Structures are given as structure tokens and as C-alpha cells.
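Subject: Structure handover

Hello,

Here is the structure for you to look over. My notes follow below it.

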Amino acid sequence: MKRVRIIPFVLLLPACIDPTVEPELSDEESWRADPAELELACSVSVIPKQTPDSPSQLRVSVVNLGDSPAQFVARNLPFASPEREYFTVDRGDQPVDFWGLRVKLEAPTEADLVELDAGDALATVYTLSDYYHLDQPGTYDIALLRPSVHVFGAEGIRKVELACNAVELELAKAEPPPEPLIEPDSPGQKSAEGASFKDCDAHQQAEILRAEAVAKWMLPIALGTHTFGRSQVAADSKYYDEWFGAHTTDRAQKVDEKLDKIVEGLDEGIEYKCHSKTERKCEKGTIAWVIPVLSDKVHLCERFFEKDDVGWDTKWGILVHEFSHLFALTHDYEYGRPDSLALADNQPNKAVKNADNYEYFVEDIYLGLAPRHDVDGDGHSDLVTTAWGSGFVYPGKSTSTFGSYVASFAGTMNTALFDGAGHWLLDVVDMNLDGHDDLVTIGSDGVMYVYFGTASGTVYTGVVEAGLDGGDNLDLVFDDGVGYEPIGVADTNGNLAPDLVTIRDDGAVCWFGGLNGGLSGSKVCTAGLIDSAFMDGVGEHVIDLADVNGDRRADLIAAADDGTVYVYTGTAGGSFGAGVGSFAGTYNLALYDGFGHEPIGVADVTGDGRADLVTHHHVSNNTYVYPGQANATFGSGVPSFAGTMNSSLFDQTGHELIGVFDVDGNGLADLVTHAGGNAFVYRGTQNGQFTSGGVSFSGTLNSSRFDGDGHEFITERRQHRRRGCTPTGCL
Ligand SMILES: [Zn+2]
């Protein structure tokens with residue numbers, strides 16, 4: 001048997017544990033040694049007490065039994081930062097109060113690696129009552145919370161489980177409570193929103209309030225106490241299975257209880273304390289922490305403020321993580337998406353108690369609500385078309401390309417675009433909030449049809465809405481200019497369910513509230529708002545329904561013949577606000593005469609949570625992204641393509657500009673075009689510029705745009721913004 005040599009930085013004497021001592025870093029050459037060869041033995045033991053009054057102590061060690069040095073990240077084990085939670089400690093079936101820190105950490109990096117020579121050991125002595133309240137005599141069951149290390153290999157970072165033993169501790173008498181880690185603090189500065197701040201500057205306070213508002217908005221949605229039933233969003237959805245494992249009543253109840261406690265806890269104003277980079281507790285990838293039980297304060301390191309607003313490990317998502325510790329006493333069994341996903345698969349009973357699982361569950365629901373024409377629900381926008389009576393879904397991919405199609409309708413879907421009879425293809429949105437976007441059409445008979453999307457990319461008839469107009473079907477303007485012009489389907493009142501928005505021939509914008517996959521029967525008309533240019537070319541050209549000001553209600557965006565683009569803001573009651581104008585008469589719309597701007601869509605290219613106006617300019621041959629702003633106006637345009645993008649709208653050569661949606665699934669909308677039988681995806685970036693992306697279909701995808709033969713791209717809203725007119729007529 002190998003002799004175990006204790007290497008120098010290992011600390012054995014409880015009296016001199018110094019958590020600031022760091023293990024040595026490995027050298028560059030050796031760390032990619034195949035981590036599969038890792039042979040680590042792990043042991044936990046109770047150190048016998050020297051006197052009845054000495055504190056209970058554990059010895060934890062990891063020994064390299066292999067023949068070569070081992071490199072791994074050991075931060076799941078209590079060798080440094082002892083104030084963090086490393087153990088589960090139960091007396092009977094009751095968890096013991098932990099008075100230390102629960103932290104949110106960045107993913108480990110190579111800088112966190114330690115190296116252990118063959119035969120060497122890492123070991124430490126851990127004083128249990130420094131952080132756990134052993135307040136009664138009895139038997140305590142103790143096990144490591146995360147008996148694992150991380151290794152880096154050719155495929156990146158990977159977790160390796162260790163076979164660490166559990167121990168029993170027999171206490172003849174209670175031990176004194178831990179020294180509280182709470183630093184005495186004067187009360188923080190209270191904000192109007194009820195939050196209070198300590199050592200946070202004005203910018204940090206604003207960022208925290210923004211993040212807190214999103215968390216407060218999303219948590220009731222995840223819980224299902226929002227307007228929508230839980231069954232619509234959580235329990236029956238793919239999000240639930242993904243983060244909390246196969247659905248059981250018992251686990252679903254636990255998740256409900258925890259979400260409920262968090263939502264309740266948020267009613268009390270939260271106190272936030274900001275910490276500088278140099279503080280020791282902010283070292284080594286620490287983003288935030290809380291001290292549950294003893295304190296309701298959320299501690300934030302500077303690293304927190306570098307996080308995004310949209311995506312995963314967002315500012316607001318990190319707050320959800322911390323709130324789950326504070327109010328629902330969750331643990332950190334695992335960190336990061338891969339390990340938390342695996343926890344839901346393998347140990348779902350732990351997943352329902354793991355903070356990151358709550359964070360990612362709620363963040364995924366949020367991402368799923370973003371409009372993205374994602375029928376199969378994989379987080380990538382799909383190219384959705386109809387042709388020859390069938391519906392086609394070409395699944396979007398991370399590579400900014402589209403995969404092989406999945407077909408629906410088998411020749412029975414008759415588009416109204418060319419002869420006015422059949423279906424007007426309105427939108428691809430998630431009507432029933434199951435994470436799969438649905439196809440919404442309105443028949444020339446004035447009936448609305450919702451075809452629910454599925455994971456495979458097919459759609460099936462879900463809801464049929466007849467009699468929307470006081471018992472009659474909607475009279476559509478398409479045949480005679482009288483009645484309703486359907487614009488699209490989007491959540492304009494902020495209750496999550498997409499609503500049908502129309503413009504009536506008298507200039508009223510009429511809204512039909514959405515509910516449970518269809519419509520609710522409520523209708524609100526805002527009189528005298530828009531003179532639509534749809535039938536006569538005079539007035540306003542509708543561009544899109546999208547959330548420009550970031551209040552999570554879609555707005556109606558239209559360009560007027562006076563050179564102004566108006567944003568009519570959605571409101572909670574279903575009416576629309578008066579138009580907020582941008583460009584002050586300088587937005588020259590090309591749809592009248594072939595010169596100026598051709599609107600492509602309104603979608604969030606920059607990833608700031610506000611939709612941006614995307615147009616093509618027919619003189620400069622650039623596209624422009626005008627960023628949406630909180631006051632519902634558009635900011636200065638960011639050009640792309642340096643004069644090389646040729647639109648086919650007027651001369652039938654160049655690119656057909658299909659729309660703006662997030663194909664690669666990174667949260668930023670991409671520009672999708674069609675030319676020469678190919679689909680082009682130009683990836684959106686945070687500065688508003690489009691960069692190169694992918695090309696699909698190798699010249700085989702026909703567009704029906706000019707000859708009626710081939711694919712109609714549904715998200716193009718061709719009937720509205722793609723009717724190009726020149727002095728000699730309209731195409
Ligand atoms: Zn945590």
C-alpha cells in the first residue's frame with residue numbers, strides 16, 4: 001500500500017485553519033492528462049473529542065491512489081472558504097440549521113485547478129459547530145453535500161463523483177450556537193420600491209431594481225398564480241420535467257411550496273448589500289451570497305453587475321437563486337446548467353431542493369415566452385412556410401442554419417394570399433404557453449384557427465374561434481375594404497397569452513384578448529387610432545407587434561406617410577396608447593415610391609429586452625437597426641452590410657427580407673433572408689450590427705413571392721409590409 005504523504009498546504013491543526021491559504025496551481029503541460037484516470041479516495045471521519053467541551057470536528061481527506069499526478073477543482077470540498085455549505089447535517093429526519101454562507105459561483109476555470117501528486121492527500125479538519133447549530137444531544141447524520149470534483153478534459157469541464165462515506169456523530173450534549181457571520185450594519189437606504197441598499201451606488205441600485213422587477217414578475221408565472229393556471233406554464237410543461245425530473249404529485253407539491261414561500265418572501269422589502277471585488281468573500285468566482293435563517297440580506301459582488309439581462313445566469317435569475325435560499329431554504333447540491341440538469345434526471349428529490357434548478361426553471365420559462373417562431377420548442381427560431389397546401393417547419397440550429405423540414409396538413413392548407421380564399425397566415429406564437437409556438441391563421445370566412453406546435457415540429461388543430469364579432473365571424477377587409485384587417489397575434493396586455501390585434505375600417509384598433517390557447521371573448525376597440533394604408537396606400541403601414549419599451553407588453557408599430565414611425569403601446573386593459581413618434585418626418589417609407597426604408601420587422605436584436613426596428617434602405621443598400629428605448633421611441637440606427645445588401649422588393653433581384661428572429665438561440669434576433677433558393681441567416685449582435693451567419697438549402701428552396709410557386713414565409717407578414725409600390729403599380 002502507498003504511503004500517504006501530506007503535502008505542505010494541507011492544514012491539520014484546528015487551531016490554525018487559515019482559509020486564505022490557497023492550493024498551488026498546476027503547471028500548464030500536465031493538466032490535460034486524461035481525467036478518466038483520476039483515482040481519488042475520499043473519506044470523512046469524526047475526530048474523537050479530547051474533552052467533553054471540545055467542539056465536534058470532522059476530518060475530510062482526498063487521496064490520489066493513481067500512479068500519476070491528478071489535477072482537479074476541489075471547491076465542492078471544504079478545503080478552503082469553510083464558511084460555505086459543504087455538508088448535509090440531519091438529526092433524525094430534521095435538517096440542522098446552517099448559519100454559514102450559501103453562494104452563487106461562476107463555473108470553475110482552469111485557475112481553480114489543484115494538483116495532487118501520486119500518493120498525496122488533501123486533508124482538512126472542519127469544526128462543525130462553527131456553522132451548524134447542533135442545539136440538542138442525539139445522533140446526527142452527516143454527509144458531504146457535493147461529493148465531487150471537476151476536471152478539464154478535451155471536451156471541457158466535467159464532474160467526477162467521489163465515493164465519500166457518510167458518518168454519524170453522537171452528541172451527549174448540545175453545542176453552543178455558531179458565532180453569527182452577520183456584520184453589524186446601520187440600516188440601508190430604502191427605495192420607493194421597498195428595497196433597501198447598503199454600499200450600492202446609484203447605477204447598482206437601478207440595476208438591482210430592474211432585475212428584482214423581472215424576478216417578481218416571473219416567479220408568480222412559474223408558480224402559476226399569474227392569470228394563467230399552473231398547468232399552462234409549469235407542471236405539464238417541458239420546463240418542469242427538465243428541471244425537477246419526471247412529474248410526481250409529491251415533488252410538484254414541494255416545488256409549489258418553495259415557489260410559494262419565495263413569492264411570499266418578496267412581499268417584504270429585500271435588503272441588498274454590494275461588495276467590492278477585493279473583499280475576500282467575493283474571491284474565486286463568487287457572484288452573490290446569502291446567510292439564510294439569520295439574515296434576509298442579499299449580498300452581491302461586483303461580478304453580479306457584469307451579468308446579462310436575458311439568457312441564463314442573468315442578474316434577475318441570480319436573484320431568484322438567492323431568494324430560493326433565503327425564503328425556501330434551498331441548498332446548492334449542484335451549480336451550473338449541465339450538473340443541475342443531471343441532478344433532475346438522476347436525483348430529482350434533490351433537484352427540488354437545489355437553488356440553481358429554480359433559477360434555470362424560471363429563466364427557461366422566460367426565454368420560452370420570447371417570441372421566436374419556435375415550433376419544436378428547442379429555443380431556436382424555425383423557418384415556417386406553406387407551399388402546395390402543406391405547412392413546413394425547418395428547424396433552426398445553433399449554427400445559424402435550418403435543418404430538414406417536418407410537414408403538416410398534407411395538402412389541405414389553402415393560403416389566401418393569392419386568390420383571397422382560404423387562410424391568411426397570421427403568426428407563429430405560443431398560444432397555449434406550452435413552450436411550442438403555434439401557427440395562427442384567420443380564414444377568409446373570418447374564423448380564427450390555432451394549430452398547436454409539438455416537439456417534433458408538426459402542428460395539429462388546437463382551437464377554432466368562430467363568432468368573434470358579437471356572434472358573427474369577423475368580416476375581413478381583404479375582399480371589399482370593409483371590416484377588420486387582422487394584424488397579428490402577440491401579448492399586448494402583459495398576461496402572457498397572445499392577443500389578436502386588428503384595425504377596423506373606421507380607424508379603431510380592435511383587440512381580442514387571448515386565453516388558454518385561444519381567445520377569451522373580451523374585445524376592446526380603441527377608436528380613431530390608425531388610418532391603415534393597407535387598402536388605399538394612404539395613411540400608416542403596419543410593421544409589427546413587438547415590445548419596444550420593455551414593459552413586457554407588445555406594442556403596435558406603424559410607419560406613417562408623414563415620415564414618422566409610431567409606437568402604439570399595449571396596456572393592461574387591452575387598449576392602445578396614443579402613438580409615440582420617432583424620426584420626426586425623416587423616415588422615408590420606400591413602399592410608396594421605391595426609395596427609402598423597407599421595414600423588415602421589429603425584434604430584439606441587441607438583447608436588451610426591448611424590440612428594435614429593423615429596416616432596409618433602398619438607396620444606401622444597408623439595413624439599419626434602430627434600438628427600442630424605454631420611452632417607446634427608437635434610437636439612432638446602426639447600419640450593416642456597407643451598401644452590399646440588395647433587396648428584391650422592387651426589382652425581384654437580390655434578397656427577399658423575410659424577418660428578424662433568433663435562429664441560433666442566443667437571445668439576439670437574427671436577420672433572415674432568401675435569395676437564389678437559399679436562406680441566409682445574419683446573426684444579431686449586442687451593438688445592433690448583423691454579422692455573418694449560415695446559408696441553408698443549397699439553392700433548392702423556392703419562394704412564391706413573385707410567381708406564386710413555392711414557399712410563403714409566414715413570418716414575413718407579406719400581406720402588410722411587403723407590398724412594394726412604384727409609380728407604375730404595386731407588387
Ligand atoms: Zn446558492
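First, a term: a residue is buried if 20 or more other C-beta atoms lie within 10 Å of its own, exposed if 12 or fewer, and partly exposed in between, with C-beta atoms placed from the backbone. By that count, buried residues make up 48% of the 731 residues in the chain.

Two points on provenance. This is a predicted model, in which local features need pLDDT of at least 70, side-chain atom pairs count only at pLDDT 80 or more, and totals for chains, interfaces and linings use all residues. Residue numbers start from 1 along each chain as its sequence is written.

**Overall**

The chain has nine helices and 44 strands. Both are DSSP runs numbered from the N terminus: helices are H or I with at least four residues, strands are E with at least two. Along the principal axes, the C-alpha atoms fill a box of roughly 100 × 50 × 45 Å.

Contacts here mean C-beta atoms, placed from the backbone, within 7 Å. Take the contacts between residues at least 6 apart in sequence: 55% of them join residues at least 24 apart.

**Sheets**

Strands count as paired if DSSP finds at least two bridges between them. Angles run from 0 to 180 degrees between N-to-C directions, and axes are lines fitted to C-alpha atoms, for helices over the stretch in contact. Within this sheet, β27 (residues 499–504) and β28 (residues 509–515) pair over four bridges. Leu500 has Phe512 in β28 as its bridge partner.

Another open sheet of four strands runs β38-β39-β40-β41, again with antiparallel pairing. The edges are β38 (656–661) and β41 (691–696), and each pairs on one side only. Here the twist averages 25° from one strand to the next. Four bridges join β40 (residues 678–683) to β41, in the antiparallel sense. Phe680 stands opposite Val695 in β41.

Then look at β30 (residues 540–546). Seven of its seven residues are buried, so the strand is largely enclosed by the rest of the structure. Six bridges join β30 to β31 (residues 555–560), and the two run antiparallel. Glu540 stands opposite Ala560 in β31.

**Helix crossing**

Helices α4 (residues 249–265) and α5 (residues 315–328) have axes that come within 8 Å and cross at roughly 95°. That makes α4 roughly perpendicular to α5. The bands are under 35 degrees for roughly parallel, over 145 for roughly antiparallel, 65 to 115 for roughly perpendicular, and oblique for the rest. From α4, Lys258, Lys261, Ile262, Glu264 and Gly265 meet Phe323, Ser324, Leu326, Phe327 and Ala328 in α5. The residues of this contact divide into five nonpolar, two polar and three charged. For those classes, Ala, Val, Leu, Ile, Met, Phe, Trp, Tyr, Cys and Pro are nonpolar, Asp, Glu, Lys and Arg are charged, and the others, Gly among them, are polar.

**Backbone to check**

Most residues other than glycine have a negative phi. Which way do Phe409 and Ala632 go, positive or negative? Phe409 has a positive phi of about 75°. It sits in the loop between β21 (406–408) and β22 (423–429). Phe409 is buried, with 20 other C-beta atoms within 10 Å. Ala632 has a positive phi of about 70°. Its place is the loop between β36 (623–626) and β37 (638–640). Ala632 also counts as buried, with 23 C-beta neighbours inside 10 Å.

**Val60**

Val60 lies in strand β3 (residues 57–64). It is buried, with 20 other C-beta atoms within 10 Å. Not counting residues up to four places away in sequence, Val60 touches Val44, Leu77, Pro78, Ala123, Thr124 and Tyr126. His203 is 143 residues from Val60 along the chain, and their C-alpha atoms are separated by 43 Å.

Best wishes

Note on methods
Two residues are in contact if their C-beta atoms, placed from the backbone, lie within 7 Å.
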